[in-house]
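Here is a short briefing to read alongside your model. Take a look at the structure first, then follow the notes below.

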Amino acid sequence: MQMNRWRLPAKNERKIFRNYLTRYLLIVLVVILCCIPFGFKAYQSIEEFVLAQNLREIEDGIKALNHDVEKMSIIATLMGEDTYLLDLARIRGDVPGSKSLHMKYIKENLFDNLCLYDTASMAFFMFRNNQVVVTASQVSNHYEDFYGKFLSVDDLTQEAFREKVFNQVNQSPYLKTDQVMYYDRGNKIIKNDVILYLQPVAVDSSFANCPAVMVFIIEKQRFLEFLLPGDLASTAALKLTDRAGNEMLNTGPADAFDAKGYELLNYPNEACGLS
C-alpha cells in the first residue's frame with residue numbers, strides 16, 4: 001500500500017505560528033493587565049506600612065526626647081531649690097572666699113547628676129549678679145577670667161555670652177551655637193553644631209530678673225538620633241524651631257519642605273519647646 005505524504009506550504013506554517021504567537025501574547029498581556037491593579041495596590045500597602053513604621057519611630061523618638069528634656073528641667077528645678085545655690089544667686093558683686101565650699105558642693109552635685117540624662121554632654125551654672133560659674137568639673141568666682149580659657153561659645157566675648165544667655169532664657173529655652181569649648185576633668189572638649197538648653201533658677205519663688213541659669217550643652221546630632229533614627233537620617237529631612245520661631249536645626253535638601261515627594265509632618269511640641 002502506498003502512503004500519501006504531504007505537508008503545508010511554508011507560507012501556511014508561518015501563518016499558523018503567527019496566529020499561535022499572537023494568541024499567546026494576548027493571553028500574557030491580559031494576565032499582566034489584570035495584575036497591574038493588584039501590583040499597584042500592593043505597592044500602596046507597602047508604602048503605607050513603611051510610612052506608618054517610620055511615623056512610629058519618629059513618635060517614639062519624640063517621646064524619648066521629651067522624657068530626657070523633662071529630666072533636665074526637673075534636675076534644674078531641684079538644684080535650684082538647694083540653699084547653697086540660692087545663697088550664691090542672691091549675692092551681688094564680689095563673692096567672699098567663704099562661699100567656695102558652696103561652689104564645690106554645687107559642682108559635685110552637677111557631676112552626680114550627669115548620669116541622669118542622656119541628651120546633654122555637660123552642664124554649668126551662671127549667675128547674673130556675680131562672677132560665679134560652676135561646671136561639673138570646675139568652679140570659679142571670676143567668670144571674666146574663666147570664660148575664654150576654660151569655657152567659650154563661638155567668638156562671643158564673655159560679656160556678650162552672658163548677655164545672650166540671660167536675654168534668651170526669657171524668650172526661649174534654646175540657644176543655637178556653632179561651637180562650644182569647655183574642659184571636662186582636665187580634658188579640653190570642643191563640640192561643633194551645638195544647642196544650649198537654658199533653665200532659669202527661681203529665687204524666693206520668683207523668676208524675676210532670672211538671677212541664675214543652668215545651661216545644658218547638647219550636640220545637634222543627639223536630636224537627630226532621637227528624631228531620625230536608623231535609615232531615616234539619610235532619607236528624611238528635619239527642621240526644628242523653638243517657640244519663638246527661631247530655627248534650631250535643618251537637615252536634608254534646601255527645598256525639602258517645598259518639594260514634592262516628601263510627606264510633610266508637623267509636630268508642635270510644647271513639652272520640650274520645639275516643633
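**A quick tour of the predicted model**

The protein has an accessible surface of about 16,800 Å², and carbon and sulfur atoms make up 54% of that; areas come from the Shrake-Rupley method with a 1.4 Å probe, and for residues only the protein chains shown count as cover. This is a predicted model, where local features need pLDDT of at least 70, side-chain atom pairs count only at pLDDT 80 or more, and totals for chains, interfaces and linings use all residues. Residues are numbered from 1 along each chain as its sequence is written, and side-chain values use heavy atoms, with hydrogens and water left out.

**Overall build**

- You will find seven helices and nine strands in the protein, taken as DSSP runs (helices H or I, at least four residues; strands E, at least two) numbered from the N terminus.
- Among the 275 residues, 38% are buried (under 20% relative accessible area; exposed is over 50%, partly exposed in between).
- For contacts (heavy atoms within 4.5 Å), residues 24 or more positions apart supply 59% of those with a separation of 6 or more.

**Helix α5**

- Buried residues of α5 are Gln 158, Phe 161, Arg 162, Val 165, Phe 166 and Gln 168.
- Their cover includes β1 (122-127), α4, β4 (151-153), β5 (174-184), β6 (187-201) and β7 (212-219).

**Helix α4**

- Glu 144 sits in helix α4.
- Glu 144 counts as partly exposed because its relative accessibility is 46%.

Methods
Buried means under 20% relative accessible area, exposed over 50%, partly exposed in between (1.4 Å probe, protein chains only).
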